Amino acid sequence: MKSELFINGAWVAAQSGGMIDVIDPASEQVVHQIASAEAADIDAAVKAAKSAFDAGTWSGMTGAERAIVLRNIATGIEARTEELARLEVLDNGKPLPEARWDIEDAAACFHFYAGLSEELDAEGAQNITVSDDRFTTRVVKEPVGVVGAIIPWNFPLLMAAWKVAPALAAGCTMVLKPSEVTALTALELGDIAQKAGLPDGVLNIVTGFGPSAGQPLTEHPDIDKLAFTGSVTTGSRIMQSAAKDIKNLSLELGGKSPFVVFGDSDIEQAVEWIMFGIFWNQGEVCSATSRVLVEDTIYEKLVARLELEARKITIGDGMDEGVLLGPLVNKSQYDKVLGLIATGVEEGARLVCGGAHTDIGKGYFVAPTIFADVDENSVIWQEEIFGPVVCLKPFSSESEAVRLANDSEYGLAAAVMSKDDARCERVAHALRAGIVWINCSQPTFVEAPWGGYKKSGIGRELGKWGLNNYLETKQITRFDDNSPWGWYLKQAEDQTG
Ligand code: TXE
C-alpha cells in the first residue's frame, strides 16, 4: 500500500511529515497511514503539473499518442482488478463484488477516453462559414491547461477515473486530490500511470484534508480548471475560490433523487429497482433514488413488499461472501445518517424498519432503513442522507407526482416506472434532473452525460461532454484577400466627403 505523495513522478513524504490514519470501517481498526499534504506540497504538485504542461511533453502529443498511454493505464488497472477491489473494500467498506464493478468501470473509462483522444485528431480543425467571405475561420480544440481535481470517498478509483481519463485525453496535466478517507486506490493509479508511460509531472496525486490540502489547491493561481465531486457546502466554497481567478469550473454535487412509481407497475420489479436505487453502495451514491413516490392504489402493498425484501439483505464486512450491504464509510458519516434517522422519527414519519445495525458489535453498520408516510417538508424528505435510508410517500395523480418530485433544491437524477410508455415519456420530460431513468434506477454508462440541474452541480461528466470539460475552444480567423481591407479608408472618405 502506498502512503506518500506522487509529485513529478516521485513518491515523496509530506513536507510537514504529517500523516492521516486509514481506518477499515468494518473493524474500526487503523490499517495504514497516508501523507497529509499541506499548502507547500500542493504548490510543488501544481508547479510540476504546470512545468509538464508548458513543456508540451503531454499536451503537445497527438491524441493517438496519448491514447496509447491511456489504454496502457486501462490494462494496468485490469491486471490488478482483484487487488484494487480489495483495497477499495478496506478503505470504503463496500461489498467486494461492487468494488470489482468499480474497478472494471474505471478501466473502461480509460479505454473510452483513449478512443475520444484519437477522435480529437480526426476532428482536427473545423472550418466554419462566416458572413464575410474574404475571411476564413477554423475552430480548434485545445487542452484547458492545469487541472485541480478533488474527489469524494464513495467510488474512490472510479471518481478518479471520471476526472483523470478525460483530462489526460484532452492533453491537460493535473493534480488529483482524493478524499482523505479513501485514497489508497488513487495512489495506486499514480503507479499504474507511471508504468503505463505517462510522463513525469502530468498526473500528480496529493492526499490530505479538505481545508489544508483541498483549499490551497482550489486557490492556487496556476490552476486553470477545477473539477469537483462532493457536497454542496464544499462545492459552494470551491466556487468562491474559483471566482477569485475566474477559474474554469465543473461541479458534481449531491442529490435527493425521486423515483415515481405508478399504480400499473409490476410491484416485484418496482421493489427490485427501488432496493438497488437506495441500498446499492450503502446508499452512499449521489444519484441514489432516496425519495420514492408511489401511486396510492399500490402504496401499502409496495411498502410491505419492500420491507420484506429489505429485511433479507445480508449486512457485514464487505470482504465476506454473500454480503450485500457493508458498513458506512466512517464514523462521521455513520453519526450523520443515524442522526437523520432519529430526526425522521421525531418528525413523525413511520419507521418501517432499519436504524443502527449492532449485531456485529463493531463497524459503522446501518441496516436498510425505510420511512413511510414522509412529510414533503420534513428534513429527511429534503436533505441528502447519503446512507441506506429510503423515504416513501403516496400520490394520487400524475401532476401531484411531478410537483412532489421536482420540489427539491437538487436535480441530479430521477426515475419513473409505469407500463404506459406515453406517461413515462411525459414525466421524464417534466422532471427537472440531468439524468432520468425509465423503468429502472442507477444504470450509468461512460458514453452518456452525467450531471445535475439546480444545486446538483454545473457541467456534465462522461461521454464527449466529459471531454469538453477539459477543452478550450479557439477560433483562428485569417484574411485571405490580397486587396486592401478598406474599412478605415472608407470611414475617412465618408467623414471628409
Ligand atoms: O464531503 P466533502 P464529505 C455529500 C454527502 C455526505 C456529505 C459530506 O451528503 O454526507 O457530502 O461528505 C474535499 N476545499 N457527499 O464531508 O467535504 C475533501 O477532502 C477543497 C456527496 O466527505 O464535499 C474531499 O476530497 N476541498 C458526494 C472532497 O472535498 C475540500 C460524495 C469531498 O468532501 C474542502 C461525497 C475545501 N474547503 C459526499 N473541504 C457526491 N456528490 O457524490 C473538503 N474538501
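So, the ligand: it sits in the largest pocket. By "sits in" I mean that more than half of its atoms lie within 2 Å of the pocket's grid points. The pocket itself is an open set of points on a 1 Å grid over the protein atoms alone, with protein on both sides within 12 Å along at least five of seven lines.

Which elements give two or more residues to the shell around the ligand? Those are α7 (210–219), β10 (225–229), α8 (232–245) and α11 (331–346). Helices (H or I, at least four residues) and strands (E, at least two) are DSSP runs, numbered from the N terminus.

Before I go on, a word on the model: it is predicted, with local features needing pLDDT of at least 70 and side-chain atom pairs counting only at pLDDT 80 or more, while totals for chains, interfaces and linings use all residues. Residues are numbered from 1 along each chain as its sequence is written, and side-chain values use heavy atoms, with hydrogens and water left out.

Back to the shell. There are 27 residues around the ligand, and W153, E180, S231, K336 and E384 come nearest; a residue is near if one of its heavy atoms lies within 4 Å. By class, you get 10 nonpolar, 11 polar and six charged residues. Here Ala, Val, Leu, Ile, Met, Phe, Trp, Tyr, Cys and Pro count as nonpolar, Asp, Glu, Lys and Arg as charged, and the others, Gly among them, as polar.

Now for some distances to ligand oxygen atoms. A polar side-chain atom of K336 lies 2.6 Å from one, an N or O atom in the side chain of T234 is 3.0 Å from one, and for a polar side-chain atom of N154 the value is 3.4 Å. Taken alone, the ligand exposes 810 Å², and the protein buries 87% of that (Shrake-Rupley method, 1.4 Å probe).

Let's move to the loops. Is L462 buried or exposed? L462 is buried, with a relative accessible area of 1%; buried means under 20%, exposed over 50%, and partly exposed in between, counting protein chains only. L462 is in the loop between β21 (457–458) and α15 (463–468), and has a positive phi of about 65° although it is not a glycine. Most residues other than glycine have a negative phi.

D373 also has a positive phi, near 55°. D373 belongs to the loop between β15 (366–372) and α12 (379–382), and is partly exposed at 38% relative accessible area.

Technical notes: Polar contact = N/O pair within 3.5 Å; in protein donor to acceptor, adjacent residues only side chain to side chain. 1 Å grid on protein atoms, 1.4 Å probe; cavity = no way out; pocket = protein on both sides within 12 Å on 5 of 7 lines; lining within 4 Å. Buried < 20%, exposed > 50% of the residue type's maximum accessible area, 1.4 Å probe, protein only.
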